Amino acid sequence: MHKEQTIHWGIIGLGKIAEKFATDMQKVSNSKIYAVASRTLEKAETFAKKHQATMAYGNYEELLSDPKIDAIYIATPHSLHKENTLMCLQNNIPVLCEKPLALNRFEVENMINAAKENNTLLMEALWTYFLPHYQKVLELLEQKHFGNILKLEADFGFKASLDPSGRVYNKTLGGGSLLDIGIYPIFSALTTLGIPKKTEAKATFFDNGADATCNMIFYYDEAIARLKSTLVEKTNTEAIFTCETGVIKINSRFHEPTTVTLISNNGEEKTLDFNYNSIGYNFEIEHFNQLIRTNKKESPIMSFQKSTELIDLLDLIKAQIGLSYQ
């Protein structure tokens, strides 16, 4: 594929995240929303009109059979990620699947194996990884700007609307705080401190069995990470790295476009502003487009190994708090 050739995207699942994704597509050159699919044609047509998509389909099979599709973004509920991804990969269509990639390690392995067997690109859409402020923090930590990390404190919490049929609350769809938002604090620990030596986790639950709050501690040889997710209270939603000679603080809300404050132990303080002019999904789109244009089958950033490590941690926490989606 020529480096300037337009990438024609399809979207499966047309909820709030898909709206943000489609909005940011306008920021990406040589890339467009070409087709969208929903279980109802009316919803697909409304979405297509709003985001200038050429085609609207009332089922996923019709979208998959459209020869003009270059890539598909999957934004369906967590419990459908594996099924929807496999459909695309079996049609040799590159897939950017919203996080978490699936409900458990077994499903993630099935998806990765299908990508390899069909020689087709697959990537988990953990958009935070591609945001410039997060990449800058990774760079500062790698360079030991303030020395080694001693402690990470990361949280993500908001008061959710407890709609029994809503995706966030619905356990059968993979709802609850852990998979929906707890994945971000866990991700922040994994990408900066690596795989912990030991983990502890405690949770509270809604009446339907979905986890309402999850408190986690990750232990490392020289550091500790205290992580939290909750759907019953608004938290600062910051990621604070306490290092030997200073603090690197990703300000609220750390998982999306924001600022970074550097505070040295002698009191000097500096805030880095990244002047975002988008919601932030354009960065992962640009990365994925580049993978397609260079015929890559796996991201060097959000790699299969990283997705596997992430789901392993999620599975471990689920086991410790007694959470199952069966």
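Visitor: What makes strand E7 (residues 149-157) and E11 a pair?

Guide: Two strands pair if DSSP finds at least two bridges between them, and E7 and E11 have five, in the antiparallel sense. One of the partners in E11 is alanine 239, which bridges to alanine 154. Strands here are DSSP runs of E with at least two residues, and helices are runs of H or I with at least four, both numbered from the N terminus. This is a predicted model: local features need pLDDT of at least 70, side-chain atom pairs count only at pLDDT 80 or more, and totals for chains, interfaces and linings use all residues. Residues are numbered from 1 along each chain as its sequence is written, and side-chain values use heavy atoms, leaving out hydrogens and water.

Visitor: How do you know that E11 also pairs with strand E12 (residues 246-250)?

Guide: Four bridges join E11 to E12, and the two run antiparallel. Phenylalanine 241 stands opposite isoleucine 248 in E12. A hairpin of two residues links E11 to E12.

Visitor: What makes up the two faces of E11?

Guide: Ala239, Phe241 and Cys243 form the covered face, while Ile240 and Thr242 form the uncovered one. In a regular strand the side chains alternate between the two faces of the sheet.

Visitor: Why does the radius of gyration of the chain agree with a compact globule?

Guide: The globule rule, for C-alpha atoms, is 2.2 Å times the number of residues to the power 0.38. With 326 residues this gives a value near 20 Å, and the chain has 20 Å, so the two agree. The C-alpha trace spans about 60 × 45 × 35 Å along its principal axes.

Notes. Buried < 20%, exposed > 50% of the residue type's maximum accessible area, 1.4 Å probe, protein only.
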